Amino acid sequence: MNSFNYGVEHLSIRKVLDIASGKLKGVINEEAAEGIHRSWKEVEKIVHAQKPVYGINTGFGPLCDTSISEKDTSLLQSNILKSHSVGVGKPIPQEIAKLMLITKVQALAQGYSGISPKTLERVIWHIDNDVIPVVPEKGSVGASGDLAPLAHLFLPLIGLGYVFVGDEKFPAGKILQQHNLEPLVLGPKEGLALINGTQFILAFAIKAVERLNNALNVADLIGAMSLEGLMGSSRPFDARLHAIRPYKGTKHVAQRLAALLAGSDINCAHADCNRVQDPYSLRCMPQVHGASRNAWLHLKGLTEIELNSVTDNPVVFSAEDTISGGNFHGQPLALPLDYATVAAAELGNIADRRCYLMSEGRYGLPKLLTNGAGLNSGLMIPQYTTAALVTENKTFCFPASADSVPTSLGQEDHVSMGSISGRKLHMVLDNLEYIQAIELLYASQALDFRRPLLSTPVIEACHQLVRKHVPFIDEDRIFAEDINRLHQLIISGEFEAVAHKVAQQHHINLNNDDEFGIY
């Protein structure tokens, strides 16, 4: 298995996802080990010199002026894990918690945090053995980092809290005993180094980059299918049009749509029709999908910066040079997460409009996409679901980063609320994936009404995949079952993977810019 060197190599989104899935192994090499050991020893010098440094021999937050004796510095660090474990709500997904562990190791292994090699080794043990701490979803304001979730994440190091082994939850102490491991005794600054940081926000951002990327690719594919079902024009995707308004996302989407539709029999069949222009939900796909891609690019770029940053406090350059700053503040990610939330919601908004358009009985399609509507309602009601989901998404679009509630007796008088930004984005993505499944149901049905005309190889392959799982609708049935099957095709990545494979086989370029991938 290939390895990644924590703390000294650049960690990309692809690599962190690969470490989490077990495709790549994260290790501490000699160079990183030297830096970690050096920083740890510098903290010991601070303690012995009795020089007041925040969080090493002082209290925390508003207690920063309270001195802590040398003999109590270890107790101080275990107390911070216990006192800050105040999270509530259901546990976050195990993958998110594992991403938190991985990204925390990457930050601490850079040698500015005073963590001991033994503590870092134990965190890596949790990663390598899939013993994943149970972390409640709520309680962080994203200011001094994600204090509450990170405290829960690292309680198992001192034998407290709970862990997942597989899908079962166990007391952490019990699992340590089974592996003949003792709870750690944390040294000076270690508890603070563990809970200061943005790893909760960051983990949600990493997973959002992956999920939104899939949703963006799927949006173009299903949008092209819908356009073909509605016999829309491919002219609005002409590269010349977008060269004179050259947003990266717009140009990328236009190129993809043009490639998806090139050579379509359906498209050629109405080349000389008297329709002057299509509704916006068809001809403005490059502008709308493209704007969401621009937001994705922004989130991806900032997430990769955060992946390779040191975000705890204070930062230890040497025993004589420590800086108590604000690298733990979540605002740099909170803003792009809120921006990406709106971007994801907009993909759902335009998809809902295409569903409605296909149900109207225009452009030669039967009303509600069913023959003999009356006894059968056809595809009347699935659009009710998209309407409900897009409205719910709109309620999630209030930017959490626009709010701030002072905490810590005013010491932390401006907070980012980025943890909420990250969680809300995933709520929107949950809804978006169902909206896309419903549009796929409509688009596939509309394409069937264009037979015997065929579309392009990629679109036909997508249609065939749908028909393997969901048959043509000739009479009413329980459409929720169809929606759930299509939803699974989308979230599993199978739908996009089939399109990509067929595109490669036919030398159709759907990815003209590597910047829009995850590498």
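User: What counts as a salt bridge here?

Analyst: A salt bridge is a side-chain nitrogen of Lys or Arg within 4 Å of a carboxyl oxygen of Asp or Glu. Side chains of opposite charge can pair when their charged atoms come close. This is a predicted model, where local features need pLDDT of at least 70 and side-chain atom pairs count only at pLDDT 80 or more, while totals for chains, interfaces and linings use all residues. Residues are numbered from 1 along each chain as its sequence is written, and side-chain values use heavy atoms, with hydrogens and water left out.

User: How many salt bridges does a search of the whole structure find?

Analyst: The search finds 24. Take one of them: Asp-312 and Lys-189 meet through their side chains, 2.8 Å from N to O.

User: Which parts does that pair tie together?

Analyst: Asp-312 sits in the loop between helix 14 (285–307) and strand 8, and Lys-189 in the loop between helix 7 (172–178) and helix 8 (190–195), so the pair ties together parts 123 residues apart in sequence. Helices (H or I, at least four residues) and strands (E, at least two) are DSSP runs, numbered from the N terminus.

User: Are Asp-312 and Lys-189 buried or exposed?

Analyst: Buried means under 20% relative accessible area, exposed over 50%, and partly exposed in between (1.4 Å probe, protein chains only). Both Asp-312 and Lys-189 are buried.

User: Where do Glu-44 and Lys-41 lie?

Analyst: Both lie in helix 2 (residues 30–49), three residues apart, about one turn of the helix. Glu-44 is partly exposed at 26% relative accessible area. Lys-41 is partly exposed too, at 31%.

User: What about Arg-240 and Asp-238?

Analyst: Their salt bridge has its closest N and O atoms 2.8 Å apart. Arg-240 counts as exposed because its relative accessibility is 59%. Asp-238, at 24%, counts as partly exposed.

User: Which residues do shared partners join into one network?

Analyst: Salt bridges that share partners link Arg-14, Asp-18, Glu-95, Lys-207 and Glu-210.

User: Which residues form a nonpolar patch on the surface?

Analyst: Patches are made of residues with over 30% relative accessible area and no salt bridge; like charges are joined within 9 Å, nonpolar side chains (Val, Leu, Ile, Met, Phe, Trp, Tyr) within 5 Å. Accessible areas come from the Shrake-Rupley method with a 1.4 Å probe, and for residues only the protein chains shown count as cover. Here Tyr-112, Phe-317 and Ile-323 form the patch, with about 280 Å² of accessible area together. Phe-317 lies in strand 8 (residues 315–318). At 45% relative accessibility, Phe-317 counts as partly exposed.
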